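Please examine the sequence and the structure shown below.

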Amino acid sequence: MDTLHVALIGFGTVGKGIYQCIEKQREQLESLLQKKISIDAILIKNAELQREVDEGTVVTTEFDELLNLPQLDVVFEAINGVEPAETYLSRLIEKGCHIVTANKELLATSGSRIRELAATHKVGLRYEASVAASIPILSTLREGVRSNQLSEISGILNGTSNFILNELQEKGITFEEALRVAQDKGYAEADPKNDIDGWDAFYKILILSDIVYGQQPKWENVVRKGISDVTSFDIKKAEAIGLRIKHTANLSLSAEGPVISVEPVAISNTHPFFNVTGVNNAVCVSSNLAGDITLQGPGAGAEPTASAMIEDLLSLHRNSTDAVYYSSLEKAEDGDQNFLLIGDDAALSNLTFLPSSEEGAYYATGNRRDIEAALQTHPHVKVYPMYGTENRLTPQIELI
Ligand SMILES: NC(=O)c1ccc[n+]([C@@H]2O[C@H](COP(=O)([O-])OP(=O)(O)OC[C@H]3O[C@@H](n4cnc5c(N)ncnc54)[C@H](OP(=O)(O)O)[C@@H]3O)[C@@H](O)[C@H]2O)c1
């Protein structure tokens with residue numbers, strides 16, 4: 001049997017997960033590939049740390065040692081941030097190596113350049129794990145709905161935010177307490193900015209925008225909010241009228257191009273995201289023929305992420321130069337939307353909104369720009385776009 005020579009860049013949660021999963025599934029993988037797998041080298045940063053790896057695997061802090069291996073077929077990249085990852089991948093692609101990466105920040109920032117380079121050098125580039133880890137959303141978009149028009153993709157894409165909002169809802173604790181629980185359980189980093197400020201979900205939805213539409217909106221035009229302003233008060237108000245606050249990322253298309261928003265929204269119990277709890281992720285694809293498809297599962301973690309990357313290895317084996325698929329989206333109407341507004345009566349005194357059964361929680365239907373403009377002088381009113389309430393709420397709200 002021939003041998004497939006692979007290397008890892010990064011040996012943290014994900015890198016170690018890949019190593020261990022290849023060992024765990026070796027027989028099955030080698031039978032699928034009809035090749036033996038040899039993990040020839042691992043690039044790390046800290047030479048002092050002990051790594052439990054086979055003695056035939058070179059562990060190095062020198063990128064050139066990996067680059068100059070006599071044979072290298074596929075490299076798994078799992079480090080954080082754009083550099084040095086972009087430089088490493090560029091040099092490997094130029095050398096003819098196939099790449100599997102989980103690095104969402106790199107792909108959101110430099111994805112189109114790396115895809116072009118990979119196409120030029122006729123090497124495969126796969127990154128399923130970069131969006132929602134083991135949920136096969138990229139392969140669903142590439143292979144599952146190709147004949148469809150897609151009107152919208154939305155997702156709970158950050159498990160840490162979903163966990164924290166869930167804790168706020170179930171335990172009525174403060175945001176700081178919920179964040180501490182997430183950190184204690186290893187779900188949130190010591191510096192949780194990437195998760196709770198919405199950056200992680202932002203990078204992931206940009207990758208989806210690239211794949212589905214072949215371009216991204218200008219970053220400065222994207223609504224990107226995290227969860228740090230969501231309070232237990234908001235959650236209780238929403239819950240009293242049957243809604244749950246979730247952090248979602250949304251992609252659709254306007255006449256000007258792709259539109260993305262990353263923010264907390266109010267979800268009704270008819271929407272598939274209503275029961276997505278804990279650190280789980282979910283993605284909903286709205287398509288004209290297949291209908292609404294929802295995929296749900298672990299959006300992070302060593303094994304789920306490694307699983308997606310190893311599936312990418314198998315996909316490379318099936319066709320190493322498969323092009324990235326860009327579908328066309330159906331043009332969405334720039335229409336009215338339903339919103340949940342939370343604020344005390346004084347804060348909403350000179351606006352007329354549809355009341356709900358809960359004091360301090362109100363509904364509004366309208367164009368987002370009009371509603372935000374009307375609320376500019378009401379900074380204490382929270383605005384949550386509503387999901388799962390397809391019908392317009394009547395009567396229509398007068399903004400005065
Ligand atoms: N964790 C998840 O569940 C998950 C899910 C999907 C995607 N991802 C993505 O996967 C990537 C890795 O995440 P992770 O959670 O595994 O991170 P991590 O646990 O912090 O591990 C990072 C690894 O990268 C190595 N590293 C850092 N800088 C390096 C450099 N300049 N050269 C070589 N190695 C370097 C570190 O080396 P040392 O060990 O020597 O410090 C460490 O082994 C990130 O891009 C992340 O966004 C993660």
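Pro84 is found in the loop between S4 and H4, where strands (E, at least two residues) and helices (H or I, at least four residues) are DSSP runs numbered from the N terminus. The peptide bond that leads from Glu83 to Pro84 is cis, with omega near 10 degrees. This is a predicted model, in which local features need pLDDT of at least 70, side-chain atom pairs count only at pLDDT 80 or more, and totals for chains, interfaces and linings use all residues. Residues are numbered from 1 along each chain as its sequence is written.

**Overall fold**

- The protein contains 13 helices and 16 strands.
- Its radius of gyration is 23 Å, close to the 21 Å that the globule rule gives for 400 residues, so the protein is as compact as a globular protein of that length. The radius is taken over C-alpha atoms, and the globule rule is 2.2 Å times the number of residues to the power 0.38.
- Taken along the principal axes, the box filled by the C-alpha atoms of the protein is roughly 75 × 45 × 35 Å.
- Of the 400 residues, 45% count as buried. A residue is buried if 20 or more other C-beta atoms lie within 10 Å of its own, exposed if 12 or fewer do, and partly exposed in between; the C-beta atoms are placed from the backbone.
- Among contacts between residues at least 6 apart in sequence, 74% join residues at least 24 apart. Two residues are in contact if their C-beta atoms, placed from the backbone, lie within 7 Å.

- Strands of a sheet pair through backbone hydrogen bonds, either parallel or antiparallel.
- Here, 6 strands form an open sheet in the order S3-S2-S1-S4-S5-S6, with parallel pairing. The edge strands are S3 and S6 (125-126), each of which pairs on one side only. Two strands pair if DSSP finds at least two bridges between them.
- Strand S1 (residues 3-9) is joined to S4 by 4 bridges, and the two run parallel. Within this pairing, Ala7 has Val75 of S4 as its bridge partner, and Ile9 stands opposite Glu77.
- S1 also pairs with strand S2 (residues 36-43) in the parallel sense, over 7 bridges. In S2, Ser38 stands opposite His5.
- S1 is mostly covered, as 6 of its 7 residues are buried.

**Strand S4 and its surroundings**

- Is strand S4 (residues 74-77) covered on one face or on both faces? Both faces are covered: Val74 and Phe76 are buried on one side, and Val75 and Glu77 are buried on the other.
- S4 pairs with strand S5 (residues 98-101) in the parallel sense over 4 bridges. Thr101 in S5 is the bridge partner of Glu77.
- S4, helix H4 (residues 85-95) and S5 make a right-handed β-α-β unit. A crossover is right-handed if, with the strands pointing away from the viewer, the path from the first strand over the helix to the second runs clockwise.

- Val59 lies in strand S3 (residues 58-60).
- Val59 counts as partly exposed because it has 16 C-beta neighbours inside 10 Å.
- Leaving aside residues up to four places away in sequence, Val59 touches Ile42, Ile44, Arg51 and Val53. Val59 and Ile44 are 15 residues apart in sequence and 7.2 Å apart in space, C-alpha to C-alpha.

**Backbone angles in a loop**

- Most residues other than glycine have a negative phi, and most peptide bonds are trans.
- Ala132, in the loop between S6 and helix H6 (137-144), has a positive phi, near 65 degrees. With 32 C-beta neighbours inside 10 Å, Ala132 counts as buried.
- Ala133 is found in the loop between S6 and H6, and its phi is also positive, near 45 degrees. Ala133 counts as buried, with 25 C-beta neighbours inside 10 Å.

**The shell around the ligand**

- Of the 25 residues around the ligand, Gly10, Gly12, Val14, Asn46 and Ala300 come nearest. A residue is near a molecule or strand if its C-beta atom, placed from the backbone, lies within 6 Å of it.
- Helix H1 (residues 13-24) gives the most to this shell, with 3 residues.
- The shell divides into 13 nonpolar, 10 polar and 2 charged residues. Ala, Val, Leu, Ile, Met, Phe, Trp, Tyr, Cys and Pro count as nonpolar, Asp, Glu, Lys and Arg as charged, and the others, Gly among them, as polar.
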